[in-house]
Amino acid sequence: MDDYADDYVGGGVGDDELLTIGAFAARARLSAKALRLYDRLGLLAPAHVDEATGYRYYRAGQAERARLVALLRRLDMPLARIAEVVGADGDRAAGLLDVYWADVEARVAGQRTLVAYLRGRLSERDSEMYGEFVVETVDVPEQVVISETRHTLANELPAWIGASLDRLEEAARGCGGVTAAPYVVYHSDVSMESDGPAESCVPVGDEAAARAWSEERGRARQTRVRVEPAGRLAYTRITKAQVAYPQIMAAYGAVEEWIAARGLTVAGPCREVYFADWDAAGPEDPVCDVAFPVS
């Protein structure tokens, strides 16, 4: 009913003048329904609410914020993040928008890869799907690694990989430093039904220091030191968007098909080798090798 109150409270229409919800809606080019919603969600409260009538009044200067909220909602931005953006000033607000949109682009890139994977599965053209991956081999020397093992499901895996590799790389500083790209070994299937285990590994330069570190601090997280023998890996390189589960399974399938086609034998558990700065990489940047030891 407050749409039908007098349009203005006071004589002018400056930024500090109070407008009824109807007049303000017209000024902001929004509906009164949208304004009530923004009020209810805590994104744009009226400047004044008449206790007797319940009429909402807005200051003319609130129109810019109202339009900004409407535009941010068109980006499907969560309400909490909208409140953060509109509450920030200048460059910080723009920076918050940039962070949100980078997350959106990463999600869309992952979804695009997932669609390609599912299209191949549904059409039963796995070989065509695998043809998108280039598979090569590389010889890897013997390495001393410090590792952390955990049983984990697929939805918990990304967070654990990042945290465990951070812990191991920190430990490696006192163990001769990191000597090669970190990797994760899957000793059994990790999915939404199977919990592995998975083993995060960081190659280090000083075996004695690594074993001393493990004896002192390694028991709490199933951490150990072992010597990884020299061997050959068959691998394909994938982007950050392709790492997400389950689309990463297409890369595993491509390497397995390549190995079988050449009469090679899988000689150990599969792994993901993380050679790039994950945080700095964009969705289409190569970050990981999906690999199998072969003989």
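The legends below describe close-up views of one predicted model. Residues are numbered from 1 along each chain as its sequence is written, and side-chain values use heavy atoms, with hydrogens and water left out. Because the model is predicted, local features need pLDDT of at least 70 and side-chain atom pairs count only at pLDDT 80 or more, whereas totals for chains, interfaces and linings use all residues.

**View A. Helix α7, residues 157–172**. Helices (H or I, at least four residues) and strands (E, at least two) are DSSP runs, numbered from the N terminus. The expected span of a helix is 1.5 Å times one less than its number of residues; for the 16 residues of α7 this gives 22 Å, and the end C-alpha atoms are 22 Å apart, in agreement. Buried means under 20% relative accessible area, exposed over 50%, and partly exposed in between (1.4 Å probe, protein chains only). The buried residues of α7 are L157, W160, I161, S164, L165, L168, A171 and A172. They lie on the same side of α7, because they cover an arc of only 120° around the axis; the arc is that of the directions from the helix axis to the C-beta atoms. An α-helix has 3.6 residues a turn, so residues three or four places apart point the same way. P158, A159 and D166, on the other side of α7, are exposed.

**View B. Elements covering the buried residues of α7**. Among them are strands β6 (143–150), β7 (183–186), β8 (198–204), β9 (223–228) and β11 (271–274), together with helix α8 (207–217). Contact means heavy atoms within 4.5 Å.

**View C. The D39–R56 salt bridge**. A salt bridge is a side-chain nitrogen of Lys or Arg within 4 Å of a carboxyl oxygen of Asp or Glu; the structure holds 13. In D39–R56, the closest N and O atoms are 3.3 Å apart. The pair ties together parts 17 residues apart in sequence, because D39 lies in helix α2 (residues 32–40) and R56 in strand β4 (residues 56–59). D39 is partly exposed, at 24% relative accessibility.

**View D. The D103–R81 salt bridge**. Its closest N and O atoms are 3.5 Å apart. D103 belongs to helix α5 (residues 90–122) and R81 to helix α4 (residues 79–86), so parts 22 residues apart in sequence are tied together. D103 is partly exposed at 40%, and R81 is partly exposed at 27%.

**View E. The E228–R271 salt bridge and its network**. The closest N and O atoms of E228 and R271 are 2.7 Å apart. E228 is in strand β9 and R271 in strand β11, so the pair ties together parts 43 residues apart in sequence. E228 is buried at 11%, and R271 is buried at 8%. Salt bridges with shared partners join E199, R224, R226, E228 and R271 into one network.
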